[in-house]
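Dear colleague,

I am handing over the structure below, together with some notes on what turned up when I went through it. Please keep it open beside this message while you read.

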Amino acid sequence: MNLADIKTIEQLLRANGFSFKKSLGQNFLVNPSVCPAMAAAACDKNAGVIEIGPGIGVLTKELAKNAGKVVTIELDERLKPVLAKTLADTENVKVIFGDAMKLDLKEIIETEFKDFERVCVCANLPYYITSPIIMMLLESRLPLDTITVMVQKEAAERLAAEVGSRESGAVTVAVNYYATSEILFGVDRQSFMPPPNVDSAVIRLKVRKEPSIKVNSEANFFKFVKACFAQRRKTLINTVSNSLHIEKEKIKAALIKLDIPETVRSEQLSMQQLCDISNLLFE
């Protein structure tokens, strides 16, 4: 079965009474070159792979060729008969129907991948849930080696941006705290059925063994970072004061102590500077 052929996909979905749900961000890959490249970048036979959102199983089949074992998690149970057909010839794939945001992924890893050297995540993520999924995977501190995902191009650029650049934001800082990141390649919107309104990109996160900086309190640090980027056009003093109700003089004193200009904007600060300011404000 050629899952890169649009007519084949249309016949398969029609035969199983399937229609796309816009609310689930369902856009299925039909470009035959994308999934093999993603799978090759994500894993090898020594790795177990968690896939989130297999759709009709195009990426799943490629992962099965490259990985030792694949556990794929699908929210939409209407795809049960479809996946039963498309994955019928794959022996190293297990399909779990459920919400990846609610399932116990740690238990799944311990149960399904106990014999593997590494565990990775590879997924074509729906745009509407990109950041929540990535942050859930990182914040849960799961024993993951890499996270290779396809996301909206603009989201990929934010995720992989250098902290302290104009493209950086709160999610950039959060990802940098837990992982290193790189954009692997772009994916044109015509690679999907139905085509979305934007282009995509594949990004790979290498999960750090330890955070990139040492903060006194993770909760306070991420609260501070979120406040920093709440009003990007304002100076750090104004946006943090407005968001966290901290006196401007206290923020100013922290900047002076760290030899940082009072007019600085959050996007101009490095990870270490953000860490140092947070530590001072929440002593």
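Helices here are DSSP runs of H or I with at least four residues, strands are runs of E with at least two, and both are numbered from the N terminus. The side chains of Glu 62 and Lys 65 meet in a salt bridge, with 3.3 Å from N to O; the term stands for a side-chain nitrogen of Lys or Arg within 4 Å of a carboxyl oxygen of Asp or Glu. Glu 62 is buried, with a relative accessible area of 17%, whereas Lys 65, at 55% relative accessibility, counts as exposed (buried means under 20% relative accessible area, exposed over 50%, and partly exposed in between, with a 1.4 Å probe and protein chains only).

Before going on, please note that this is a predicted model, in which local features need pLDDT of at least 70 and side-chain atom pairs count only at pLDDT 80 or more, while totals for chains, interfaces and linings use all residues. Residues are numbered from 1 along each chain as its sequence is written, and side-chain values use heavy atoms, with hydrogens and water left out.

As for the overall picture, the chain has twelve helices and nine strands, and its C-alpha trace spans about 65 × 40 × 30 Å along the principal axes. Of the 283 residues of the chain, 49% count as buried. Among contacts (heavy atoms within 4.5 Å) between residues at least 6 apart in sequence, 66% join residues at least 24 apart.

Seven strands form an open sheet in the order 4-3-2-5-6-9-7, with mixed pairing; two strands count as paired if DSSP finds at least two bridges between them. Strand 4 (93-97) and strand 7 (179-187) stand at the edges with a single partner strand each, so one side of each is left without a neighbour in the sheet. On average, neighbouring strands of this sheet are turned by 20° against each other, direction ignored, where the axes are lines fitted to C-alpha atoms (for helices over the stretch in contact) and angles run from 0 to 180 degrees between N-to-C directions.

Strand 2 pairs in the parallel sense with strand 5 (residues 118-124) over five bridges, and Ala 47 stands opposite Arg 118 in strand 5. Strand 2 also pairs in the parallel sense with strand 3 (residues 69-74) over five bridges, with Glu 51 opposite Thr 72 in strand 3. From strand 2 the chain crosses through helix 3 (residues 58-66) to strand 3, and this β-α-β crossover is right-handed, meaning that, with the strands pointing away from the viewer, the path from the first strand over the helix to the second runs clockwise.

The cores

Which residues touch the most other members of the largest nonpolar core? Of its 64 residues, they are Ile 52, Leu 137, Leu 138, Phe 221, Phe 224 and Leu 236. A nonpolar core is a set of buried Ala, Val, Leu, Ile, Met, Phe, Trp, Tyr and Cys residues joined through side-chain atoms within 4.5 Å. Another core, of 29 residues, lies apart from it and has Leu 12, Ile 56, Leu 83 and Cys 122 among its members.

Asp 145 forms one with Arg 118, the closest N and O atoms being 3.8 Å apart. Asp 145 lies in the loop between helix 6 and strand 6 and Arg 118 in strand 5, so the pair ties together parts that are 27 residues apart in sequence. Both also belong to a network of salt bridges that links Asp 44, Glu 117, Arg 118, Asp 145 and Lys 206. Arg 141 forms a salt bridge with Glu 218, the closest N and O atoms being 2.6 Å apart. Arg 141 is partly exposed at 46% relative accessible area, and Glu 218, at 27%, also counts as partly exposed.

With best wishes
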